[in-house]
Amino acid sequence: MTRARFLLSTGQRLCYNDAGQPVACAGSGQDGEFHAGEAWPAPRFDAQGGDLVLDRLTGLHWPRVASLGDFPMSWDEALAAVADMNRTRSFGHADWRLPNRRELLSVVSHDHHRPALPAGHPFTVQQTWYWTSTTAVIAPDCAWRVHLEGGRMFYGDKTRDAMVWPVRGESGMLAQTGQTRCRDAAGNVVDCSGTGQDGELRCGAPWPDPRFAVEGKGVRDRLTGLLWTRSANILGLCAWEEALRAAREHRAGGLAWRLPNIRELESLVDAERHDPALPGGHPFENPQEAYWSSTSSAYAPDWAYCLYLHKGAVGVGFKAGAAFSAWFVAVE
């Protein structure tokens, strides 16, 4: 299988049917069969000097105690607290930032829950919502948050409280989110300078222009290298196992196709757009509201991860319900 760029493995190794019972991965078409994405090193984390931890997969550095101030705070308070870390050179460094949505999602293991972090991780973490520096443009008075109990990502009111886990360093493994503007707690567009927001820092690999190229009945993402079906609505609303089966049987362009894992689906999101949250000028036909991934929920394996494309959110859906659409990626 062609190795994609700027995509991490989800960590999922097991496969489950729609009742949540373990099944053999071979021939299932599930995430646990293909293990697509950059494999994790072993050990994944290096606890350097006790207080700081290097993620050997992404190259990012995280505090071992994943709770700045040991209490939740509003989004503005979170950004200010991280700025204060830089003024005081916390842990000997002055380049801390609130992670963007892809940076925070990068520590999530979709094979674990309570917390949704890789086995053997060295962190002291709260199993609750954590802020990112990325505004949710569908509701600009909200920002994206990741729930570290199960690994979901939804947006929350910037005036409400969530935990704060700063990060530092650069990663050659992650792409930019697409966010280019900054917004205050009321959702107003503001000058980015000095905000510490995603729109100012734009951490990660830049996107090619154009981002996509049509190849026959497929569309090549020139950022990740993945080939997607041009039609983003293969079946209409379907149940999870219907989507897996249809992907295995799809033969457009003489290629074998599969249902993408949740990281592959999320890689399509442009955090500066909504309805759909896809890069401008994309060539896809008939984008739908939400999509199944091939990744089961470790928290409740009769559920699977899904991408809410109109928002850009990562959630879960009940596998037996015909509630989501299917979009395929090629096995090359």
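Rings of Phe, Tyr and Trp, the last taken by its six-membered ring, are paired when their centres lie within 6.5 Å; planes under 30 degrees apart make a pair stacked, planes over 60 make it edge-to-face, and the rest are tilted. By this criterion, the structure, which is a predicted model, contains 14 aromatic pairs.

One of these pairs is formed by W62 and W165, whose ring centres are 4.9 Å apart with 50° between the planes, so the pair falls in the tilted class. The two residues come from distant parts of the chain, 103 residues apart: W62 lies in strand β5 (residues 61–63), whereas W165 lies in the loop between β8 (153–157) and β9 (182–183). W62 has 0% relative accessibility and therefore counts as buried, and W165, also at 0%, is buried as well. Both belong to one aromatic cluster, formed by F45, W62, F123, Y130 and W165.

A further pair joins F91 to W96, with 5.8 Å between centres and 65° between planes, an edge-to-face arrangement. Here F91 is partly exposed, at 40% relative accessibility, while W96 is buried, at 4%.

Aromatic rings also receive charged groups. R145 lies over the face of W131, 5.6 Å from the ring centre. In the case of W240, the charged end of K319 sits over the ring at 3.8 Å from its centre.

R145 is also among the residues in contact with T132, which include W75, L98, N100 and W144. T132 is located in strand β6 (residues 129–135) and is buried, its relative accessible area being 0%. V164 lies 32 residues from T132 in sequence, with a C-alpha to C-alpha separation of 8.2 Å.

Elsewhere, strand β15 (residues 290–296) is largely enclosed by the rest of the structure, because 7 of its 7 residues are buried. A290, W292, S294 and S296 point one way from β15, and Y291, S293 and T295 point the other way. β15 runs antiparallel to strand β16 (residues 303–308), to which 4 bridges join it; A290 stands opposite Y308 in β16. The two strands, β15 and β16, form a hairpin with 6 residues between them.

The loop between α6 (262–266) and β15 holds S267. S267 counts as buried because its relative accessibility is 7%, under the 20% limit. Its contacts beyond four places in sequence are L7, R102, R211 and T224.

How values were computed. Residues are numbered from 1 along each chain as its sequence is written. This is a predicted model: local features need pLDDT of at least 70, side-chain atom pairs count only at pLDDT 80 or more; totals for chains, interfaces and linings use all residues. Side-chain values use heavy atoms; hydrogens and water are left out. Buried means under 20% relative accessible area, exposed over 50%, partly exposed in between (1.4 Å probe, protein chains only). Contact means heavy atoms within 4.5 Å. Two strands pair if DSSP finds at least two bridges between them. A charge sits over a ring if NZ of Lys or CZ of Arg is within 6 Å of the ring centre and within 35 degrees of the ring normal.
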